[in-house]
Amino acid sequence: MGYYRLEAYALVFQEDTQKHIYRKNTDFKEIVNLYYFDRELRSILLGAIQSIEITLRTSFAYNLSCNYKDAFAHTKAEYFSNKEIKNKKGLSVHQYDALIDKLKYEYNESDEVFIDHFKNKYKNVNELPPIWMCTELMTLGELSKWIQAIKATKDKKAVADWFNIPLIAFASFLKNITVLRNLSAHHARVWNRVFSCNISTSFLEIDFFKNNLNKEEFIDTKRKNLYNRIVMIEYVLRQLNSPVKFISEIKDLIGRYNIPLESMGFPANYSEMQIWN
């Protein structure tokens with residue numbers, strides 16, 4: 001591994017990060033140990049989020065196609081918001097127009113077997129395939145944007161209901177799992193990261209979260225660490241009756257590595273909480 005990648009894990013062992021002076025008795029193995037812990041942690045997170053992501057695709061496609069009895073509901077602008085928003089470059093674009101243009105690009109550029117089959121069978125590469133095929137072309141980030149762009153509240157709620165998440169908290173959920181998925185997939189550090197996106201306070205109205213969240217995050221906005229996002233993922237997996245043993249895998253990982261859990265936002269009494277027992 002390169003020095004720059006490893007340095008991010010070495011910083012916590014330094015008493016002077018400007019001069020790179022390490023605390024007395026620091027062992028190089030401790031730094032490498034932390035790196036391997038984070039690598040395994042990302043793998044566990046990614047596996048859990050992939051399970052959630054597949055259900056998100058299904059829920060979006062199923063609800064819209066059934067609600068409107070239309071396999072091509074995604075091509076109907078009237079079902080989506082087209083308000084003016086800012087893109088990543090800070091330019092003003094219309095929401096639905098940007099989404100459909102990106103989807104058409106992905107469709108035209110795709111070399112997926114099922115897309116080639118559709119193009120060859122229907123001989124019309126200018127038209128998009130049914131919604132259940134198009135969702136497979138979207139990244140999780142793009143899918144989240146499509147869900148957020150649904151115009152009718154009842155349709156958006158129908159998607160959120162699959163996860164037993166209040167609609168008011170659903171945007172927060174989508175943002176957090178998208179950020180975590182991208183960090184994990186691109187081998188970025190997650191163990192001591194401070195996240196930019198909030199977790200909705202509406203989650204505190206659900207008993208599962210009341211009993212398991214680190215509530216300090218809602219008091220101190222600088223404490224947006226991984227722990228509460230682990231709780232959120234476990235909650236959703238339970239709603240989906242997922243076979244993924246997410247919390248068991250996290251517990252096993254913690255047991256195999258001697259890692260300071262405060263850096264991930266774990267409360268001191270976390271082992272007494274319901275989710276860990």
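Contact is taken here to mean heavy atoms within 4.5 Å, and helices (H or I, at least four residues) and strands (E, at least two) are DSSP runs numbered from the N terminus. The structure is a predicted model, in which local features need pLDDT of at least 70 and side-chain atom pairs count only at pLDDT 80 or more, while totals for chains, interfaces and linings use all residues. Residues are numbered from 1 along each chain as its sequence is written, and side-chain values use heavy atoms, with hydrogens and water left out.

The protein chain contains eleven helices and four strands, and its C-alpha atoms fill a box of roughly 70 × 45 × 35 Å, taken along the principal axes. Of its 277 residues, 47% count as buried, where buried means under 20% relative accessible area, exposed means over 50%, and partly exposed lies in between (1.4 Å probe, protein chains only). Among contacts between residues at least 6 apart in sequence, 64% join residues at least 24 apart.

A nonpolar core is defined as a set of buried Ala, Val, Leu, Ile, Met, Phe, Trp, Tyr and Cys residues joined through side-chain atoms within 4.5 Å. The largest such core holds 84 residues, of which Leu41, Phe60, Phe170, Phe173, Phe246 and Trp276 touch the most other members. Helix H2 (residues 28-67) supplies the largest share of this core, with 14 residues. When residues up to four places away in sequence are not counted, Phe246 touches Ile44, Leu45, Ala48, Ile230, Ile233, Glu234 and Leu237.

Angles under 35 degrees count as roughly parallel, over 145 as roughly antiparallel, 65 to 115 as roughly perpendicular and the rest as oblique. The axes of helix H1 (residues 3-10) and H2 come within 9 Å and cross at roughly 100°, which makes H1 roughly perpendicular to H2. In this contact, Arg5, Leu6, Tyr9 and Ala10 of H1 meet Phe28, Ile31, Leu34, Tyr35, Asp38 and Arg42 of H2. By class, the contact of H1 with H2 has seven nonpolar, no polar and three charged residues, where Ala, Val, Leu, Ile, Met, Phe, Trp, Tyr, Cys and Pro count as nonpolar, Asp, Glu, Lys and Arg as charged, and the others, Gly among them, as polar.

H2 and H8 pack at an angle of about 135°, with their axes 9 Å apart, and the two helices are therefore oblique to each other. From H2, the residues Arg42, Leu45, Leu46, Ile49, Ile52, Glu53 and Leu56 meet Phe170, Phe173, Leu174, Ile177, Leu180, Arg181, Leu183, Ser184 and Ala185 in H8. The residues of the contact of H2 with H8 divide into twelve nonpolar, one polar and three charged.

The loop between helix H8 (167-185) and helix H9 (207-212) includes Ala188. Not counting residues up to four places away in sequence, Ala188 touches Asp38, Arg42, Leu183 and Arg193. Ala188 and Arg39 are 149 residues apart in sequence, yet 8.8 Å apart in space, C-alpha to C-alpha. His187 is also placed in the loop between H8 and H9, and counts as partly exposed at 49% relative accessibility. Phi of His187 is near 60°, a positive value in a residue other than glycine. Most residues other than glycine have a negative phi. A positive phi, near 55°, is likewise found in His20, which has its place in the loop between strand E1 (14-16) and strand E2 (21-22) and counts as partly exposed at 33% relative accessibility.

Two further positions were considered. Lys24 lies in the loop between E2 and H2 and is exposed, with a relative accessible area of 75%. The C-alpha atoms of Lys24 and Leu103, 79 residues apart along the chain, are separated by 55 Å. Glu142, found in helix H6 (residues 140-149), counts as buried at 14% relative accessibility. With residues up to four places away in sequence not counted, Glu142 touches Leu99 and Lys102.

Technical notes
Axes are lines fitted to C-alpha atoms, for helices over the stretch in contact, and angles run from 0 to 180 degrees between N-to-C directions.
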